[in-house]
Amino acid sequence: MVDLSFIIGGPQGGGVESAGQIALKAFVVKGYNVLGTREYHSNIMGAHSYYHVRVRDGPARALKTPVDLVVAIDAESVLTHISDVGKGGYLVYDLDSVDVDATKIASMEPSLRSRLRRFFADMNMKPTVGSAVKVLEERGVRTVGLPLKDMLKKVSDTLGTPIASIAKTVNVIGLTAGLYTQGVSLQHIVKAVEAQFGRRPKILAPNITAARVAFEFMEQNIGNIPELPDGPHRGRVRMIASGNEVVAMAKVVGGLTFETFYPITPASDEAFYIEENKYVELGELSEKLELDKIPIAVLQTEDEIAAINMAIGAAAAGARAATSTSGPGFSLMNEAISMAVEMEIPVVITLWMRAGPSTGIATRTGQQDLLHAIFSGHGDTPKIVIASGDHVEAFYDAIKAFNWAEEFQTPVVHLLDKYIASTITVLDEWDLDPHKVSISRGLRIENPPEDYRRYEVTDNGISPFAPLGSAPMLFSSLEHDEHGFASEDPVDREAMVEKRLRKFETIARSIPEEEKIALHGDPSARVTIVSFGSTKQAILSAMEELEREGVRVKFLQLRILSPFPSKAVMDAVGDPELLISVEANAIGQLALLLRAYTGIEVKHFIQKLNARPLYDVEVVYGVKRILGEGARRVVVSGGA
Amino acid sequence: MVRRWADYKTEAWVQWCPGCGDFGILAAIHRALAELDIDPRRLVVVGGIGCSSRSVYYVRGSNVHVIHGRSIPVASGVKLANPELEVVVVGGDGDLLGIGGGHFTALGRRNIDLTILLFDNSVYGLTKGQAGPTLPVGVKTKALPYPNVQDRVNPLILAYASGYTFIARGYAYHVNQLKDLIKAGIEHRGSAFIDILQPCPTYNDMMTKEWYEERIYYLNEEDPLWDPRIRGPEDHVKIPRIVEKMLEFGDRIPLGILYQDLTKTTLEDRFEQQMPGYRKAPPALRPISVNGRAPVHPFKVFKDKLIET
């Protein structure tokens, strides 16, 4: 069984992301499943960032530490990840950085500098890279110092170009040395570098030379390392994509015609990828419309308020409309979401959660906006909230969100987070089969009668939807009568409140139970984990380990958070010995919902609060502590 | 069929105060629509919150009444989703220049083919007479306990700086002249802005009918050769005089078309240019699926993400 983890660290703007992607590609070409995520500061250049990768022959579900390899492109990376590499693992670092003192690294967080100073002072050592290397060697880590300056010179000599013009290849030098320790052949590295830079020949050539120089150095200095065998997933075309990109793809093939956005991390990359693909050939639709390429209106707005309001206008006119944002932008959208409920507008808001409150940590993950998503908007504003656990779910959910928005004429919040946004995974053709979900637009009439009633009171609460411009009509954000005229009449008011409530009940009835929750593992297990969103795969991966250790766990994953699937949850939870909520928020938002909607009280928590993704090993640790010591709340803190 | 102005009335009770300037503006809107013979089914009037925004209930159309300050983005969404529709925004100075000020300026940059009718009475009527963004500093209307400590924004200059390609000013009680301005605004291709001076007899006891009528005059009456149209670079010499007239607001207040740029493309044009087919298959109307199914597999579209193993 192959199960590798590694970290590539370096300064932002120093090619860490490309190195990570090359690594992923090398292993995919080799036949493995991969998962890689980028951890970065809210900074353009210079701050520490790292790529964290897991490679497996089975499903690569989650990240973990300690890792088997840390490639440190700069001094800060060695010191930052001193606790992340395990016994028997490798550290690849820059020999020229051994004298660098942590207290002198300006870009390092001051708190980390202090922690390092204390850590080394306790051992009567200076907080330098050299000390870190020594400590790691004592722990049984194999260290490889690269003479980076000399190696760059060799690249420059080989190509006959100045060092400055190829200095950026340090990332590929470091990465190649790292991959060498894991038995990846030069041929696979070159193939991955080609896949990364193939369309940019000027960048490609120096990087291939850099890979060769690094590989030769390792052969001469480290000696032979047995080649990693081929993985089981060979001989087919696969896709490597981030969560942002997968959601964008789902929207494009799922019928999006109008997307607005205001730049915000970690949502913008989704909108960017839509913009990149706003005018592409869409198979049979291109034939049907006799257009080689199908236009999608994409617009960057002046703020998130405009983004949601513009999407609402487009939706009222009949477009399949969406916007995407993160917590701060979603806060700004609240009033318009309330309007979309009152006006009964089909609009999708893709909400990529990040660490709050306030601007918080803009580039890091969290699950703190669950309650905000569900209860967004003033007044009684029920809406649909669906949370995806991974890329594959995110793909189908994005299409379903559109369908539900239009079938029920309601805002739908598609809840995701920064971890899924910037995590890259490998997908097969069957993972993203858009035909698994049909495309439906609900009760839509293109030629309404002259006396069309926009808010016709019906048994199921759903009024036929006619787009603006098809008849005289009124969409109204004021309370209204059936025609949409503003009305403060108490009977009209009650009728409309009841109509919207019935519609919400219709939604709850119409969404199949199996789409509301997912129950993983042995239903008879006495330990039950409840969670939602991107913790899914870490929990599933942890369950495999717990099973090996004889701990049987079942996992109730909530997929639809609003309308809350009370009955499905109660049936699934039953009467467990132990109920644990796994959440990346401080107040236990999911547990609050459970208590409010089912009366079930969660007494044990595994929480991740440091704005880093949840690791499978952390879930294992948390469950064991709760089982062993009856711990009420286990806070897990992995990640640098 | 030629439509009459009464065809644009609705059965809703017009709930403005007696003598309100809004009545004159509403009459001018009805008449302009009739003279242009616009099909009420294809007309979208979008309003925010305030007395004037209520006009969405008083004009027969396919209309939207939205939250405070957001009529411009909603209207923009409607127009971009279906460029064939005739989209008109109605709102007060509080709605369009106060809470909605950011959207007001953003629209100029886009030059979407919308017509913005600003019912400009310098007060927040529905909330009982607080100072609006066009109320001059030092003025104490009867609802204000102290004189206004914030100065007025100049809507015309703001519109000009933002990029509106049609800028005009009318007066609520001059229904006929106002009707002509509204027609010209609707017929203009691009973002058209009409600042409509409008007494609020209930709350603005300073800028009254008499106050306005002592000051207003029509540019084309004073100067029969007044021609604010920009047809090409050779007309840029007109700009200083145009801006001078936009700045004039005191003893004399000019009315009429102050500026019209015929050289700029609309956002709809720019979409069509980038994506030929946008107007033929607009976002609101084009099919999105084939037999209820997604038209294509992502592996066939997003080839930059594929890798052979």
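Predicted model: local features only at pLDDT ≥ 70, side-chain atom pairs only at ≥ 80, totals over all residues.

**Exercise 1. Find the domains of chain A, and describe the contact between domain 1 and domain 4.**

Step 1. Begin with the bounds. The domain assignment divides chain A into domain 1 (3–221), domain 2 (240–436), domain 3 (446–511) and domain 4 (517–636).

Step 2. Look at the distance. Between the C-alpha centres of domain 1 and domain 4 of chain A there are 35 Å.

Step 3. Now see who takes part in the contact. Domain 1 of chain A brings seven residues and domain 4 of chain A brings nine residues. On the domain 1 side, these are two nonpolar, two polar and three charged residues.

**Exercise 2. Are the residues of β2(A) buried or exposed, and which strands pair with β2(A)?**

Step 1. Count the covered residues. A residue is called buried if 20 or more other C-beta atoms lie within 10 Å of its own. In β2(A), seven of seven residues are buried.

Step 2. Sort them by direction. In a regular strand the side chains alternate between the two faces of the sheet. A:N33, A:L35, A:T37 and A:E39 point one way, while A:V34, A:G36 and A:R38 point the other way.

Step 3. Find the partners. β2(A) pairs with β3(A) in the antiparallel sense over seven bridges, and A:E39 sits opposite A:Y50 there. β2(A) also pairs with β16(A), again antiparallel, over three bridges. Here A:T37 faces A:T423.

**Exercise 3. Describe the seven-stranded sheet of chain A.**

Step 1. Write down the order: β11-β8-β12-β13-β15-β14-β21, an open sheet with mixed pairing.

Step 2. Pick out the edges. β11 (297–300) and β21 (560–562) of chain A have a single partner strand each, so one side of each is left without a neighbour in the sheet. From one strand to the next, the twist averages 20°.

Step 3. Look inside the sheet. β8 (residues 258–261) and β12 (residues 321–325) of chain A are parallel and share four bridges, with A:F258 opposite A:A321.

Step 4. α16 (residues 391–408) of chain A lies across β13 (347–353), β14 (384–387) and β15 (411–417) of chain A, at about 165° to β15(A).

**Exercise 4. Which parts of chain A meet chain B, and how do the two chains pair?**

Step 1. Start with the totals. The contact takes 75 residues from chain A and 58 residues from chain B.

Step 2. Find the main contributor. α13(A) gives the most to the chain A side, with nine residues.

Step 3. Group by class. The chain A side holds 43 nonpolar, 19 polar and 13 charged residues.

Step 4. Find a strand pair that joins the chains. β17(A) and β2 (residues 62–65) of chain B are parallel over four bridges, and A:M473 stands opposite B:S62.

Step 5. Finish with a helix of chain B. In α10 (residues 267–274) of chain B, the buried residues are B:L267, B:E268 and B:F271. They fall within an arc of 105° seen down the axis of α10(B), so they line one face of the helix. These residues pack against β11 of chain A together with α2 (71–81) and α4 (101–110) of chain B.

Note on methods. Residues numbered from 1 in each chain as written. Chains lettered and ligands numbered in written order. Domains from an automatic or database assignment. Contact = placed C-beta atoms within 7 Å. Nonpolar A, V, L, I, M, F, W, Y, C, P; charged D, E, K, R; others polar. Pairing = 2+ DSSP bridges. Axes fitted to C-alpha atoms, helices over the stretch in contact; angles between N-to-C directions. Buried ≥ 20, exposed ≤ 12 C-beta atoms within 10 Å, placed from the backbone. Arc of directions from axis to C-beta.
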